[in-house]
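Here is a quick tour of a multi-domain protein model and its ligands. Have the structure open and follow along.

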Amino acid sequence: LTPERYPVRRLPFSVVSEDDLAALERVVPGRVITDPEELEPPNVDWLRTVRGSSKVLLRPRTTQEVAHILRYCHERNLAVNPQGGNTGMVGGSTPVFDEIILSTALMNQVLSFHDVSGVLVCQAGCVLEALSQYVEERGFIMPLDLGAKGSCHIGGNVATNAGGLRLLRYGSLRGTVLGLEVVMADGTVLNCLTSLRKDNTGYDLKQLFIGSEGTLGVITAVSILCPPKPSTVNVAFLGCPGFAEVLQTFRTCRAMLGEILSAFEFMDAECMKLVRLHLGLSCPVQESPFYVLIETAGSGPGHDAEKLGCFLEQVLDSGLVTDGTLGSDERRIKMLWALRERITEALSRDGYVYKYDLSLPLDRLYDLVGDLRARLGPSAKHVVGYGHLGDGNLHLNVTSEAFSTSLLGALEPYVYEWTAGQRGSVSAEHGLGFKKKDVLGYSKPPEALQLMRQLKALLDPKGILNPYKMLPTHA
Ligand code: FAD
Ligand code: MLT
Ligand code: ZN
């Protein structure tokens with residue numbers, strides 16, 4: 001899949017030898033995987049758009065094992081690809097050539113939880129959904145949630161600075177992650193695993209690793225602040241007649257639901273068509289050009305219901321919303337969320353997916369979708385728009401039966417230039433990984449790129465950590 005679509009040359013790293021395998025076997029006994037069948041899934045990304053040819057996967061259990069592995073690989077000039085749940089959307093989690101895959105799958109222990117502060121400290125390989133369950137049993141929730149929760153690891157979430165469905169309420173991981181433990185490229189363990197809310201002692205080094213996509217160090221443990229579990233959750237799923245009405249609904253929602261608002265997501269009619277067609281889900285409201293999912297989370301059922309009722313009356317009476325349905329029990333809430341969360345899955349069943357994840361000014365957020373429909377005509381199967389409207393984040397996806405160079409040529413650099421023209425971001429939350437590394441310059445000035453390269457050279461002088469990722473190939 002790789003070479004012709006993404007031209008890139010292998011850098012002069014060493015090739016894993018029998019001696020290397022024997023040495024690594026001593027570090028992680030029984031956890032050096034070389035069976036080609038077992039290596040197939042970790043060599044292919046979730047979207048099935050890139051494929052590596054790694055011959056070795058390592059499964060450390062402890063930070064010390066990760067440190068030994070990296071010390072050895074650094075010494076031997078062997079390239080390493082850190083991998084969590086392999087749910088990344090930009091080809092960052094899979095090797096490009098024969099990099100050793102370092103999986104965090106067995107690093108899945110909770111280290112501590114404080115039931116007053118809500119601070120959770122855990123190993124990097126804990127699956128997000130398992131952590132959610134763990135803290136919910138103790139009266140808290142994770143500050144982030146995403147459709148990939150059943151597979152993604154907290155270390156992967158931090159490494160990508162994942163946004164997701166709760167960012168609107170709880171902010172980004174840059175605020176909720178309190179501390180990190182990271183193993184550096186040469187095997188040095190950097191223990192910044194504090195649980196303090198306030199700590200202004202020198203540079204905030206953990207921020208360097210949040211969103212660094214495995215290129216600066218391997219995250220081995222995370223300290224994260226969990227909010228209390230809301231006792232009342234409501235979801236409203238609404239149909240809107242146009243995008244202007246979606247924006248006005250958001251405005252009204254913020255004004256009327258303010259402190260209890262916990263998510264504001266949107267999807268267009270094409271998305272609804274796809275979740276119906278490929279997943280058999282049914283639309284719970286009258287068909288509309290746009291749908292909005294609003295979640296409220298609070299502590300007083302009567303209070304929240306009353307507020308939500310007033311809001312719904314207002315948006316229905318004013319014609320901003322044409323139809324709507326509510327969910328307050330767990331089963332119905334899950335059912336309504338599935339319509340939005342499972343769009344990614346429906347798209348991947350529709351064909352080859354060209355995936356764009358853009359930050360744009362709210363007023364122009366949907367313009368590019370209609371523009372592209374006109375530009376691409378029948379050469380695209382579907383052009384859809386959905387996303388985290390409350391965060392100004394559009395997921396623009398185009399599908400076709402199979403990969404097409406001419407369709408790609410019609411999409412790029414057009415989409416990136418359009419986004420840069422709005423001073424938007426060409427990657428709002430998915431990162432750059434392998435597939436988007438060469439478009440970084442659309443959102444950052446040359447001076448920023450230069451400083452990024454200097455940081456990479458300082459922290460990973462041999463460039464063994466996740467090579468070919470995040471930073472553009474050419475200066
Ligand atoms: P991987 O995919 O394994 O790795 C991602 C990157 O992080 C790679 O570059 C890898 O090298 C690096 N990495 C992984 N673990 C470590 C570590 N311990 N130390 C250093 N580097 C590491 N993303 C969002 O932001 N918001 C969403 O709403 C969202 N929804 C999604 C829904 C679905 C259905 C899917 C499939 C994906 C979604 N994603 C979303 C993308 C993806 O889930 C996130 O980026 C997630 O955070 C990746 O976690 P992971 O454990 O799967 O990491
Ligand atoms: C989402 O919000 O659903 C995710 O970021 C995945 C995607 O963009 O498809
Ligand atoms: Zn998203």
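## Ligand sites and a domain contact

Let's start at ligand 2, where an oxygen atom sits 3.0 Å from an N or O atom in the side chain of H388. Keep in mind that this is a predicted model. R340 also reaches ligand 2: an N or O atom of its side chain is 2.7 Å from an oxygen atom of the ligand. H430 does likewise, with a polar side-chain atom 2.7 Å from an oxygen atom of ligand 2. On its own, ligand 2 has 260 Å² of accessible area, and the protein covers 86% of it.

Who else is around? The residues about ligand 2 are R340, T344, K355, Y386, H388, H395, E429 and H430. Sorted by type, that shell comes out as one nonpolar, four polar and three charged residues.

Now over to ligand 1, which has 37 residues around it. The closest of them are P82, G84, T87, G88 and N157.

| Residue | Part of residue | Ligand atom | Distance |
|---|---|---|---|
| R340 | side chain | oxygen of ligand 2 | 2.7 Å |
| H388 | side chain | oxygen of ligand 2 | 3.0 Å |
| H430 | side chain | oxygen of ligand 2 | 2.7 Å |

As for cover, ligand 1 taken alone exposes 980 Å², and the protein buries 96% of that.

Time to zoom out. The protein splits into domain 1 (2-106), domain 2 (110-225), domain 3 (232-343) and domain 4 (351-443). Let's look at how domain 1 meets domain 4. Their centres, taken over C-alpha atoms, are 30 Å apart, and the contact draws on 13 residues from domain 1 and ten residues from domain 4.

How much area do domain 1 and domain 4 bury between them? About 1,100 Å², with 74% of it on carbon and sulfur atoms. On the domain 1 side, R5, M89 and V90 do much of the work: they supply 51% of the area that domain 1 buries against domain 4, more than any other three residues.

What about polar links across that contact? Salt bridges between domain 1 and domain 4 number zero, but three residue pairs are in polar contact there. The face of domain 1 that touches domain 4 is made up of seven nonpolar, four polar and two charged residues.

Notes
Residues are numbered from 1 along each chain as its sequence is written. Chains are lettered from A and ligands numbered from 1 in the order in which they are written. This is a predicted model: local features need pLDDT of at least 70, side-chain atom pairs count only at pLDDT 80 or more; totals for chains, interfaces and linings use all residues. Side-chain values use heavy atoms; hydrogens and water are left out. Domain bounds come from an automatic or database domain assignment. Contact means heavy atoms within 4.5 Å. Buried area is the accessible area (1.4 Å probe) that two parts lose on being put together, summed over both. A salt bridge is a side-chain nitrogen of Lys or Arg within 4 Å of a carboxyl oxygen of Asp or Glu. A polar contact is a pair of N or O atoms within 3.5 Å; within protein, one must be able to donate a hydrogen and the other to accept it, and residues adjacent in sequence count only if both atoms are side-chain atoms. Ala, Val, Leu, Ile, Met, Phe, Trp, Tyr, Cys and Pro count as nonpolar, Asp, Glu, Lys and Arg as charged, and the others, Gly among them, as polar. A residue is near a molecule or strand if one of its heavy atoms lies within 4 Å of it. Accessible areas come from the Shrake-Rupley method with a 1.4 Å probe; for residues, only the protein chains shown count as cover.
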